[in-house]
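Here are some questions and answers for a reader new to this structure. Look at the model first, then read on.

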Amino acid sequence: MTTGVLLYCFDTSQVAYSKITERCVALIKKHLKLPITVVTNWDTYKNFGPMGMINYKIMDNETNNTKLGKPWYNLERHMAYDHSPYDLTVVMDVDYFCYSDKLLRLANTESDFLVHKDAHDVIKSEKMEYHRDAMLDLVWATVLIFRKTPRTKAIFDTVRLVKQNYVHYCNLYRITYPNFRNDYAFAIALNQISGHGDYDIIPDSIATVPADAEILNLEENGAVVRWKDITVKLCDQDLHFLTKEVANV
Amino acid sequence: MNIDQLKELSRQSFDFNTQKANALRKAQSDQVLVYQNHIFRADPETICLVKTASEGGKSFFILDSNSNPVEIKEPTEFLDLLLKKNQSALNAYHQLYQDIRNRKV
């Protein structure tokens with residue numbers, strides 16, 4: 001059985017995701033030691049520096065979504081099932097930096113689909129909450145671990161349906177966030193495919209560096225971040241950087 | 001103490017609590033253990049249950065972190081792994097805690 005990491009990376013006019021991907025790839029190679037496939041477009045592909053042995057899948061991505069008023073091109077994740085050349089795939093955001101082998105350990109379970117339900121802000125030290133109007137538990141699609149099975153195919157097919165009929169599903173589940181988010185789409189798909197019941201999750205919380213934090217240093221084993229006069233050093237744990245300044249450190 | 005000193009003390013306490021909370025969450029994450037293709041937490045509750053259930057030396061059943069049932073056929077091996085994972089996580093937490101307390105970070 002083959003196991004590998006699938007990344008989606010599309011540069012925007014404001015964020016060089018290719019630079020973030022270079023760091024992400026180096027950490028995957030160091031801590032997970034898994035083969036990597038990067039799904040990208042031609043323009044972004046030209047911006048990559050040398051990253052060693054990497055598989056690339058070039059495609060034309062959708063460019064009609066925004067996040068916090070900025071272009072945000074991450075609408076292809078529902079195709080991960082088809083894009084992945086692996087039997088067992090770890091899909092992760094390129095701004096999720098592996099400073100541990102946690103995901104490697106979680107890859108060896110009998111669950112065919114795993115996702116986080118919890119994330120916490122490392123500065124404010126509190127759980128990150130969505131708008132709680134929603135009528136279902138939401139998930140963080142930052143990291144997905146899935147094996148190719150009929151059930152996971154159904155999950156990804158449902159995500160595609162949700163994406164195509166996003167307004168309807170938002171109304172159905174009382175989701176008030178106007179733009180498409182993978183987090184909501186996967187939460188809805190998991191809810192539906194699980195018969196509105198429980199599904200397997202990763203039982204810890206994603207350590208998240210908030211969007212307005214300043215990155216003072218990126219080190220071999222972690223990062224030093226600051227927000228106002230609070231400075232936090234984080235080491236030997238996976239970190240999700242919402243601040244895109246990570247491209248420039 | 002004047003008001004500036006009091007504010008500084010309060011800020012230092014806030015920093016300490018933030019760093020401690022982050023270190024504790026890391027320890028909880030480090031306690032995640034995969035055994036027989038199931039996910040467990042090497043926390044005190046699990047360890048105590050496994051310790052008690054394994055006293056007979058026979059196989060027993062337990063729920064994983066997603067409430068899926070698992071038959072543990074090698075209780076001693078499982079308990080050993082849980083303890084190692086728990087202590088490894090807490091050892092790292094202890095070191096981080098000492099660093100935070102000594103204001104090394």
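Q: Which residues is Asn182(A) in contact with, leaving aside its neighbours within four places in sequence?
A: This is a predicted model. A contact here needs C-beta atoms within 7 Å. Leaving aside neighbours within four places in sequence, the contacts of Asn182(A) are Asn74(A), Arg77(A) and Ala141(A).

Q: Is Asn182(A) buried or exposed?
A: Asn182(A) has its place in helix α7 of chain A. A residue is buried if 20 or more other C-beta atoms lie within 10 Å of its own. Asn182(A) has 24 such atoms within 10 Å, so it counts as buried.

Q: How far apart in space are Asn182(A) and Val159(A), C-alpha to C-alpha?
A: In sequence, Asn182(A) and Val159(A) are 23 residues apart. In space, C-alpha to C-alpha, the distance between them is 8.3 Å.

Q: Which strands stand at the edges of the open sheet in chain A?
A: Three strands form this sheet, in the order β12-β13-β14, with antiparallel pairing. Two of them have a single partner strand each, so one side of each is left without a neighbour in the sheet. These edge strands are β12 (214-219) and β14 (230-235) of chain A.

Q: Which element gives the most to the side of chain B that touches chain A?
A: The contact takes 19 residues from chain B and 22 residues from chain A. On the chain B side, α1 (3-30), β1 (32-35) and β2 (38-41) each supply at least two residues. With ten residues, the element that gives the most is α1(B).

Q: What ipTM does the predictor give the complex?
A: Chain B averages a pLDDT of 93, and 98% of the residues score at least 70. The complex has a pTM of 0.92. Its ipTM is 0.86.

How values were computed
Residues numbered from 1 in each chain as written. Chains lettered and ligands numbered in written order. Predicted model: local features only at pLDDT ≥ 70, side-chain atom pairs only at ≥ 80, totals over all residues. Contact = placed C-beta atoms within 7 Å. Helix = DSSP H or I, 4+ residues; strand = E, 2+ residues; numbered from the N terminus. pLDDT = per-residue confidence, 0-100. Pairing = 2+ DSSP bridges. Buried ≥ 20, exposed ≤ 12 C-beta atoms within 10 Å, placed from the backbone.
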